[in-house]
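I opened this notebook to record what I looked up in one structure, entry by entry. Each entry starts from a plain point of interest and sets down what I found.

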Amino acid sequence: MKLLLRASSLVHAAHCSNVLRAAGIEAELRNTWLAGAAGDIPFQESSPQVWIADAANETEAWAILNAAANPAPGPRWRCAHCDEWHEAQFAACWHCGTMKEG
Ligand SMILES: [Zn+2]
């Protein structure tokens with residue numbers, strides 16, 4: 001096992017772990033139970049951690065997480081309800097709340 005990262009929140013750590021597993025990298029969460037003790041022990045010791053089973057996957061794991069954090073831009077889309085234009089990463093219209101189609 002190799003420590004890949006320490007996250008500032010359990011939600012973030014769980015997200016990273018899920019992304020890695022979905023991509024086929026064996027990953028596990030640790031320190032999930034220490035969050036409540038964060039005031040008593042140093043942050044580096046208490047923060048949630050994501051570990052990977054095989055240290056050889058570290059480079060690939062970071063590439064996957066970076067790709068997940070920075071989704072490739074797609075075409076702009078136009079709201080079917082109000083004709084407002086949006087960048088690809090937005091799933092709903094900021095103007096009227098209509099969901100992106102397709
Ligand atoms: Zn709209």
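The entries below go from the whole chain to single residues.

**Entry 1: the model.** I noted that this is a predicted model, in which local features need pLDDT of at least 70 and side-chain atom pairs count only at pLDDT 80 or more, while totals for chains, interfaces and linings use all residues. Residues are numbered from 1 along each chain as its sequence is written, and side-chain values use heavy atoms, with hydrogens and water left out.

**Entry 2: the fold.** I looked up the helices (DSSP runs of H or I, at least four residues) and strands (runs of E, at least two), both numbered from the N terminus. The protein chain has three helices and five strands, and along the sequence they follow the pattern β-α-β-α-β-α-β-β. I then checked burial, where buried means under 20% relative accessible area, exposed over 50% and partly exposed in between, with a 1.4 Å probe and protein chains only. Of the 102 residues in the protein chain, 26% are buried. For contacts (heavy atoms within 4.5 Å), I found that 43% of those between residues at least 6 apart in sequence join residues at least 24 apart.

**Entry 3: the core.** Which residues have the most contacts inside the largest nonpolar core? A nonpolar core is a set of buried Ala, Val, Leu, Ile, Met, Phe, Trp, Tyr and Cys residues joined through side-chain atoms within 4.5 Å. The largest one has 14 residues, and L4, L5, L20, V50, I52 and L65 have the most contacts inside it. Two or more residues each come from β1 (2–6), α1 (10–22), β3 (49–52) and α3 (58–69); α1 gives the most, with four. In soluble globular proteins, nonpolar side chains tend to be buried together.

I followed L20, which lies in helix α1 and is buried at a relative accessible area of 0%. Beyond its neighbours within four places in sequence, L20 is in contact with L4, I25, A27, V50, I52, A61, I64 and L65. The C-alpha atoms of L20 and W62 are separated by 9.1 Å, although these residues are 42 apart along the chain.

**Entry 4: the zinc site.** I listed the donors, which are N, O and S atoms within 2.8 Å of the metal (3.2 Å for Na, K and Ca); water is not among the atoms, so sites may look incomplete. The SG atoms of C79, C82, C93 and C96 coordinate the zinc ion at 2.3 Å. The spacing of these donor residues in sequence is C-x2-C-x10-C-x2-C. C79 lies in the loop between β4 (77–78) and β5 (85–86) and C93 in the segment after β5, so the pair ties together parts that are 14 residues apart in sequence. C79 is buried at 1%, and C93 is buried at 4%.

What is the geometry of the site of the zinc ion? It is tetrahedral, with angles of 103 to 120° among the four donor atoms; four donors count as such if all angles lie between 85 and 135 degrees.

I also checked H86, found in strand β5 and buried at 2% relative accessibility.

**Entry 5: backbone angles.** N31 is not a glycine, yet has a positive phi of about 65°. N31 lies in the loop between β2 (27–30) and α2 (43–46).

How values were computed. Four donors count as tetrahedral if all angles lie between 85 and 135 degrees; four count as square planar and six as octahedral if opposite donors are over 155 degrees apart and all others between 65 and 115; anything else is irregular.
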